[in-house]
Amino acid sequence: TESELRDRLAADISVLGAGLTLLQKERYIPNSLGTRSFIDLYATDQAGHHVLIELKRSDAAAREAVHEIYKYVEGVKAHLGARDDEIVVILASTEWRELLVPFSRFVADTKIAVRGLQLSEDSGTGRLIAAPASTVPVCNGRFIAPWHEVHWFQNADSMESGLRTIHESFQVKGIQDYIVVLLKPPTPV
């Protein structure tokens, strides 16, 4: 069961990663919005981050995981005054079929440090093993920015220089997809 899994990991939290210190099982986080949050395992890492560990045992239960993570993160931020960069989320599950896509979307959308772990049991020793869970590519869909820029160039040389500057600026900002439309007036402006 999930509670047995939680108890086994609480007894040996190093399975989930080196440097973790368990602070509490089933950590209650009050929320003024009326939603209750019980973090399966609440720990800290060597850097003092709040480590929120969500455990799932089946595909059916995994469907709720990302929803619960959002609640826990917002609860820890509100109740404990943590910032995004002070929180680490570990989602550990024995099943990833139903979890993979929502987890991948969560990882793509958040600035919070997130790790997914595939849990299994060593058949020889019975010890729990955690292997990194890979994310799948998620689609960002079509996005047309609600803004645009207009640049006027006096001649071909200034236009080439300007286009290079635009390209370099977008690379620095991580913008990979953009369109440049060159319009040439029929008469000088």
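## Helix 3 and its surroundings

Let's start with helix 3, residues 65-80: its 16 residues reach 21 Å from the first C-alpha to the last, close to the 22 Å expected at 1.5 Å a residue. That expected span is 1.5 Å times one less than the number of residues. Helices here are DSSP runs of H or I with at least four residues, strands are runs of E with at least two, and both are numbered from the N terminus.

A word on the source: this is a predicted model, where local features need pLDDT of at least 70, side-chain atom pairs count only at pLDDT 80 or more, and totals for chains, interfaces and linings use all residues. Residues are numbered from 1 along each chain as its sequence is written, and side-chain values use heavy atoms, with hydrogens and water left out.

On confidence, pLDDT is the predictor's own score for each residue, from 0 to 100. The chain averages 87, and 96% of the residues score at least 70. Where pLDDT is low, the predicted coordinates should not be read in detail.

Back to helix 3. Its buried residues are Ala65, Val66, Glu68, Ile69, Tyr72, Val73, Gly75 and Val76. (Buried means under 20% relative accessible area, exposed over 50%, and partly exposed in between, with a 1.4 Å probe and protein chains only.) They pack against strands 1, 2, 3 and 4 as well as helices 2 and 4.

Helix 3 packs on helix 4 at about 30°, with the axes 9 Å apart. So the two helices are roughly parallel, a label for angles under 35 degrees. From helix 3, the contact (heavy atoms within 4.5 Å) uses Val66, Ile69 and Tyr70, while helix 4 brings Pro102, Phe103 and Phe106. The tally is 6 nonpolar, no polar and no charged residues; nonpolar covers Ala, Val, Leu, Ile, Met, Phe, Trp, Tyr, Cys and Pro, charged covers Asp, Glu, Lys and Arg, and the others, Gly among them, are polar.

Leu91 sits in strand 4. Beyond its neighbours within four places in sequence, Leu91 touches several residues, including Ala65, Ile69 and Phe103. His167, by contrast, belongs to helix 5, residues 156-173.

Here are the accessibilities of these two residues:

| Residue | Relative accessibility | Class |
|---|---|---|
| Leu91 | 0% | buried |
| His167 | 35% | partly exposed |

Methods
Axes are lines fitted to C-alpha atoms, for helices over the stretch in contact, and angles run from 0 to 180 degrees between N-to-C directions. Angles under 35 degrees count as roughly parallel, over 145 as roughly antiparallel, 65 to 115 as roughly perpendicular and the rest as oblique.
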